[in-house]
Amino acid sequence: MKTNLLTFLLLSIAITGFSQNTTIFSYGSSWLYKDDGSDQNTLMYQLTNFPLEATWQTGVGQFGYGDGDEATVVQACATSPSTTCTSKYITTYFRKTFNIINTGAFGGFT
């Protein structure tokens with residue numbers, strides 16, 4: 001089964017109160033990501049001004065583990081290639097800054 005990391009990320013974004021299709025992130029857009037197996041501390045990670053962001057890499061979607069169709073291959077574990085991993089990293093972190101010009105057009109954001 002093919003896993004698209006970005007799909008899982010987008011499921012955590014809730015925008016309510018609009019009746020037409022709205023693109024928030026374009027396919028292939030740029031993201032900050034951290035794929036080294038480190039714990040980025042959940043409480044710190046949720047801050048708008050996350051202090052460690054400067055050490056993160058930048059890549060564009062689609063992200064994945066190297067099945068050949070990704071724009072950005074993320075590190076699955078400390079060994080390379082990732083297909084030889086026996087103990088994969090549990091988390092890859094992603095962050096993106098975006099602006100919504102007309103916030104009044106939506107009922108809410110989570």
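How many aromatic pairs does a search of the whole structure find? The search finds three.

## Basis of the model

This is a predicted model, in which local features need pLDDT of at least 70 and side-chain atom pairs count only at pLDDT 80 or more, while totals for chains, interfaces and linings use all residues. Residues are numbered from 1 along each chain as its sequence is written, and side-chain values use heavy atoms, with hydrogens and water left out.

## Overall make-up

The chain has two helices and seven strands. Helices (H or I, at least four residues) and strands (E, at least two) are DSSP runs, numbered from the N terminus. Their order from the N terminus is α-β-β-α-β-β-β-β-β.

The chain holds 110 residues, and 29% of them count as buried. Buried means under 20% relative accessible area, exposed over 50%, and partly exposed in between (1.4 Å probe, protein chains only). Contacts are heavy atoms within 4.5 Å. Among contacts between residues at least 6 apart in sequence, 61% join residues at least 24 apart.

## The three-stranded sheet

Strands β3, β2 and β6 form an open sheet in the order β3-β2-β6, with antiparallel pairing. Two strands pair if DSSP finds at least two bridges between them. The edge strands β3 and β6 each pair on one side only. Neighbouring strands are turned by 40° against each other on average, direction ignored. Axes here are lines fitted to C-alpha atoms, for helices over the stretch in contact; angles run from 0 to 180 degrees between N-to-C directions.

Four bridges join β2 to β3. Across that pairing, Ser30 stands opposite Val60 in β3. Three bridges join β2 to β6. There, Leu32 stands opposite Arg95, and Lys34 has Tyr93 as its bridge partner.

## Aromatic pairs

Rings of Phe, Tyr and Trp (its six-membered ring) pair if their centres lie within 6.5 Å; planes under 30 degrees apart count as stacked, over 60 as edge-to-face and the rest as tilted. The search gives three such pairs. Trp56 and Tyr93 make a tilted one, 6.3 Å centre to centre with 50° between the planes. Trp56 lies in the loop between α2 (42-45) and β3 (57-60) and Tyr93 in strand β6 (residues 93-95), so the pair ties together parts 37 residues apart in sequence. Trp56 is buried, with a relative accessible area of 6%. Tyr93 is also buried, at 14%.

Phe63 and Phe94 pair edge-to-face, 4.9 Å centre to centre with 70° between the planes. Phe63 lies in strand β4 (residues 63-64) and Phe94 in β6, so this pair ties together parts 31 residues apart in sequence. Phe63 and Phe94 are both buried. Ring pairs also link Tyr33, Phe63 and Phe94 into a cluster.

Lys34 lies in strand β2 (residues 30-34). Is Lys34 buried or exposed? Lys34 counts as buried, at 15% relative accessibility. Its side chain makes a polar contact with the side chain of Asp36 (3.5 Å). A polar contact is a pair of N or O atoms within 3.5 Å; within protein, one must be able to donate a hydrogen and the other to accept it, and residues adjacent in sequence count only if both atoms are side-chain atoms. Leaving aside residues up to four places away in sequence, Lys34 touches Gln40, Thr55, Trp56, Thr92 and Tyr93.

The charged end of Lys96 sits over the ring of Trp31, 5.3 Å from its centre. The criterion is NZ of Lys or CZ of Arg within 6 Å of the ring centre and within 35 degrees of the ring normal.
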